[in-house]
Every structure is written in structure tokens, then in C-alpha cells.
Amino acid sequence: MEIRHPPPSTRLFSSPLDLRHEPATLNIVLITPLQLVDEPLEFDETIAPGVLDFTSDIRQVSTLPVKGIADLLVEHRSSNSHVNDIRLRAHYSSNFEILCARCVDPVAVPLEGDFDLIFRPESADADAAERAITADETEIGYYQESGLLLEDVVREQVLLSLPTRTLCTADCKGLCPRCGQNLNQAKCSCDEAPADPRWNALAGLGNLTDKLELKH
């Protein structure tokens, strides 16, 4: 692969997305190979809570700064064929709330991370089923013909970085399955309630099973 880098003194942004001076709204940060032919694209975004759509049990509670750089990697496949890959490197950080897996109270989860990813145009591997894919290629993402949305990459990296199961405390008592009372806050009286009389007919099944003989 060939990484396109101009001399440091010539790196002047001619693209409409001049993020060093007027950071664009994240929804319109579309990275394309054409932007990267002459120079890398630096970006310094601050994503407000609510801009990215996470799952229903995850909430961003502070701004999410994302700062990084996009480079063009020219992948030469033959003497007359090449693929324009995009390498995206960035650092991000923010604070999130995730619902406890037992009592569903929000749990504060600070998050900070880095990523270094390579994206290839979808059309480049249209014949992937007809050729062997190396181990390195399994880690490559893909971008559509229109380009690579920074928004999508950040959202995916945050979701991959957050824990899949979160507890408010290791000994969280959870919710009462009958009345929904948070047992960390107060004890309910469900255990003291009289049993439903409709279950009385099954009360003697425990002794009955000792007398049954399985024929098949």
C-alpha cells in the first residue's frame, strides 16, 4: 500500500470541510478518497448528547470529543488496478449511563479510547467469495460509494467499547419479579403474601412423582 502524504509545509485545506477552523456538524462529515488525494484530513469534532443514536439502555450524558486524521491508502492490486482505502485514526472520550442489568437504575460509565481502522470501498471486494481473504482483511471495514460517515464509525466504536453487562453494585438485589419494587431501596411484602389458591391442586405433586413409573 502507498500512503499519500504531502510535505508538511504544503498541508493547506482546500476542501469545503476545513475542520481546523470551523468544525462541521458531525452529520455532514463525509470522508471521501477525493478529499485525501493531496493531503490528509484532520478533524476535531465535539458531539453533543443525543446526536448519536445508541441502544435504549445507553445514554450519552456529556459531550463526546473526537479528534483524529484520515489518510488515503492506495492498494495496488495489479499494474493497472488499484483500490482507494481510507485509514481513520482518532481519540474519543465521554461519559455515559447504562441501565443496571438487575435493577435498571442508571450506572455512570466513563469512556475513553482510540481507534485505528481501515475502510475499503464496498465495490472493491464484490468478488470476495471467489478468492481467499487473509486474516488481516477480516479486520477491514467498508464504505459506500458516497463515502465514509464519521458518525457511523464513532457510534460503532463506542458500542464496542462499552461493557455488554453492567451492574450498579456486585451484590445488586434487582427488582421483585412480582411487584417490581427495587429491592436495593426497600423490601417488599410479596414473600409474606398468601399463596394463590389456584396452585393448591399442585401442592402434592412432589410426593406423587415418587410413585410414578416411566413406561417409555
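What percentage of the 216 residues in the protein is buried? I looked this up in the predicted model and found that buried residues make up 36%.

**Overall composition.** I counted three helices and nine strands in the secondary structure. Reading from the N terminus, I recorded the order of elements as β-β-α-β-β-β-β-β-β-β-α-α. I then turned to contacts between residues at least 6 apart in sequence, and noted that 60% of these join residues at least 24 apart.

**Helix H2.** I examined helix H2, which has twelve residues and covers residues 150-161. From first C-alpha to last, H2 reaches 17 Å, close to the 16 Å expected at 1.5 Å a residue. I listed Leu150, Glu151, Val153, Val154, Gln157 and Val158 as its buried residues. Viewed down the axis of H2, the buried residues fall within an arc of 165°, so they line one face of the helix. I noted as background that an α-helix has 3.6 residues a turn, so residues three or four places apart point the same way. I next asked which strands the buried residues of H2 pack against. These are E3 (41-47), E5 (64-78), E6 (81-99), E7 (106-121) and E9 (148-149).

**Surface patch.** I located a nonpolar surface patch of about 210 Å², made by Leu99, Val104 and Leu175. Leu99 belongs to strand E6.

Conventions. Residues are numbered from 1 along each chain as its sequence is written. This is a predicted model: local features need pLDDT of at least 70, side-chain atom pairs count only at pLDDT 80 or more; totals for chains, interfaces and linings use all residues. Side-chain values use heavy atoms; hydrogens and water are left out. Helices (H or I, at least four residues) and strands (E, at least two) are DSSP runs, numbered from the N terminus. The expected span of a helix is 1.5 Å times one less than its number of residues. Buried means under 20% relative accessible area, exposed over 50%, partly exposed in between (1.4 Å probe, protein chains only). The arc is that of the directions from the helix axis to the C-beta atoms. Contact means heavy atoms within 4.5 Å. Patches are made of residues with over 30% relative accessible area and no salt bridge: like charges are joined within 9 Å, nonpolar side chains (Val, Leu, Ile, Met, Phe, Trp, Tyr) within 5 Å. Accessible areas come from the Shrake-Rupley method with a 1.4 Å probe; for residues, only the protein chains shown count as cover. A salt bridge is a side-chain nitrogen of Lys or Arg within 4 Å of a carboxyl oxygen of Asp or Glu.
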